[in-house]
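Subject: Structure for you to look at

Hello,

Here is the structure I said I would pass on. Please open it and keep it on screen while you read the notes below.

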Number of protein chains: 2
Amino acid sequence: MQHIGKASISFDNTPYIQEYASIVGKKEGEGPLGKYFDEINEDSLFGGDNWEDAESRLIESTISKLLSKANMSSTDIDYILSGDLLGQLIASSFGLVNFNIPLFGLYGACSTFGEAVSLGSVLVASGAANRVIASASSHFASAEKTFRFPLGYGNQRKFSATWTTTGCGSVIISKDTGKVKITGITTGKIVDYGLKDKENMGACMAPAAADTIYNNLCDFGRNPSDYDKIFTGDLGYIGQTILIDLLREKGIDISDVHSDCGIEIFDINLQDTHAGGSGCGCSASTFCSYIMKQFEAGKFKRILLVPTGALLSPTSSNEGNSVPGIAHGVVFEAV
Amino acid sequence: MQHIGKASISFDNTPYIQEYASIVGKKEGEGPLGKYFDEINEDSLFGGDNWEDAESRLIESTISKLLSKANMSSTDIDYILSGDLLGQLIASSFGLVNFNIPLFGLYGACSTFGEAVSLGSVLVASGAANRVIASASSHFASAEKTFRFPLGYGNQRKFSATWTTTGCGSVIISKDTGKVKITGITTGKIVDYGLKDKENMGACMAPAAADTIYNNLCDFGRNPSDYDKIFTGDLGYIGQTILIDLLREKGIDISDVHSDCGIEIFDINLQDTHAGGSGCGCSASTFCSYIMKQFEAGKFKRILLVPTGALLSPTSSNEGNSVPGIAHGVVFEAV
């Protein structure tokens, strides 16, 4: 393992995605990626008492599904790296308590899945762990209640707003052979262009995505065409346009290979999701379904996944602060 | 580097604490550890506009102090690992944005400094990074506003409550020779005894501390007397009693070597801090002052630091949930 360039690590002993699982809500199941998810739960409360409890149950179900698909139990896993969008990560805390596995709690807003896979890969590639779980989740209703308005208010949404994905995606990262290799990571720094519109988070996050993609290409000495796809997390349509423009200013054209999990997961014309999907669970569940299945079908040889996060809180917005962005890149390659 | 026992990693190429810095508020400066801190700021707003801004400025000042003590600039640091207690880590986000360093945002409640040093040590020991900063902070007023009541309400506090430390502690972890070695880590899992009193967090966290200390002793094959001190983060007086009792039930007596940063940082008789100090910044600033100076004075050969976290949010408490705990252990040894 070595540090290369400004912000990247290249793995010699590549860790592998040994298994993956995703569970999503009804709306995500009705979207274009519906057939790829492991489970679609029609009950938006997931059997719980409130939205936070719902998200905890979503996490618990997804990790259970993951262990069951891998034919493993909790004792086979050395660490969990996990996060969500709620204050003090309560969805993760209450969703993970029963697994009894040492936990590293992470917060990178919607970039958390990239952060979890990055640090999980370092733990495994270094020999510090044999097998870890990396996971991230979000829930539409718990996120709306936290960041915007409780659903009961029936407020209207700007067309630039995104729709928080109800979903959880989890992977087992292992030093044993697996389904996909993790060959490198590029870690994001906070990028703040001073934008303040929390209903246009795609614009707030695009500069951070551009920075991480630029660093990744420089650090690994690659062109965009060296990737079958560069997937950002949840920029949506507005953020995508800005990202492509920002990289063009640096002489890099990713338009042929760029996709965004937030654009893929919903059909904006049929599903009224405005700028697209968002949330930690958006890139996590898209990776742990559609993207992994494309690898298994031999359609991808190498991709760059760049989950994107908007670093705001209800308090920071109310106090008139900007919405800085962060984005964590991970390079996946076919075995 | 190797995974040992249930929850620990032992470092062959030990990473070092190359430099450390701590900045605290007026009350902490007046406490028993006052002479050990790098700076004591008499202005509880740290020149900021509100309590969140104050904590961000505290973080920015501490990292600047750290770099200046080490005679380094941002470009000498590969990664920052940092966290705080506020929802969505806004104190860290706005406090770190100007350093332009790739960031891993962490949330482990008041255990965050242990988590940051743990993951930072793995990054350095594995060769994935040459030099990282691990940091954690808290601020009395931003924490009271988040978890209890805004100060303006003038509410009364139970005697079992702790006093959130206004402080930030930051270290540079490096593969070069430094002041103290990091020889191992023991990572905590979530432990929930079902306690619900957020004004008695020492009791909520003590079972997690007991679990991590027990695992550390088993994994490394040590007795309590193999450590000069076992420092927990912020159990306070009530939590300390419970911790010692819980370990006695397992046949382990740590009473001779146990200290708690929350007990050390304030004089409860003179400073009206009830059960003791708490907050991410409590163990971080105590380590980055008193504990490091004891090592430098040759008084410590080996210690176990176990920052302790209470995994609650205002929402989880209002919904009647318990307060699970987590604790992350780090073994430091004299060079």
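Predicted model: local features only at pLDDT ≥ 70, side-chain atom pairs only at ≥ 80, totals over all residues.

Chain A has eleven helices and 17 strands. Its radius of gyration is 18 Å, close to the 20 Å that the globule rule gives for 335 residues, so chain A is as compact as a globular protein of that length. The C-alpha trace of chain A spans about 50 × 50 × 35 Å along its principal axes. Of the 335 residues in chain A, 63% are buried. Among the contacts in chain A with a separation of 6 or more, 80% are between residues 24 or more positions apart.

The two chains together

Two copies of a chain are related by a rotation about an axis and a shift along it. Here, chain B is superposed on chain A by a rotation of 180 degrees with 0.0 Å of shift along the axis, and the RMSD is 0.0 Å. This is the relation of a two-fold axis. Both copies use the same surface, since 100% of the contact residues of chain B recur in chain A.

Helix α5 of chain B

Helix α5 (residues 140-147) of chain B has seven of its eight residues buried, so it is largely enclosed by the rest of the structure. The buried residues of α5(B) include Phe140(B), Lys145(B) and Phe147(B). What do the buried residues of α5(B) pack against? Their partners in chain B are β3 (16-25), α2 (51-69), α3, β7 (131-138), β8 (163-164) and α11.

Strand β9 of chain B

In strand β9 (residues 167-174) of chain B, eight of eight residues are buried. In a regular strand the side chains alternate between the two faces of the sheet. In β9(B), Gly167(B), Gly169(B), Val171(B) and Ile173(B) point one way, while Cys168(B), Ser170(B), Ile172(B) and Ser174(B) point the other way, and all are buried.

β9(B) pairs with β3(B) in the antiparallel sense over eight bridges, where Ile172(B) is the bridge partner of Glu19(B). β9(B) also pairs with β7(B) in the antiparallel sense, over eight bridges, and there Ser174(B) is the bridge partner of Arg131(B).

Regards

Definitions and conventions. Residues numbered from 1 in each chain as written. Chains lettered and ligands numbered in written order. Least-squares fit on C-alpha atoms with pLDDT ≥ 70 in both. Contact = placed C-beta atoms within 7 Å. Buried ≥ 20, exposed ≤ 12 C-beta atoms within 10 Å, placed from the backbone. Helix = DSSP H or I, 4+ residues; strand = E, 2+ residues; numbered from the N terminus. Rg over C-alpha atoms; globule rule 2.2 N^0.38 Å. Pairing = 2+ DSSP bridges.
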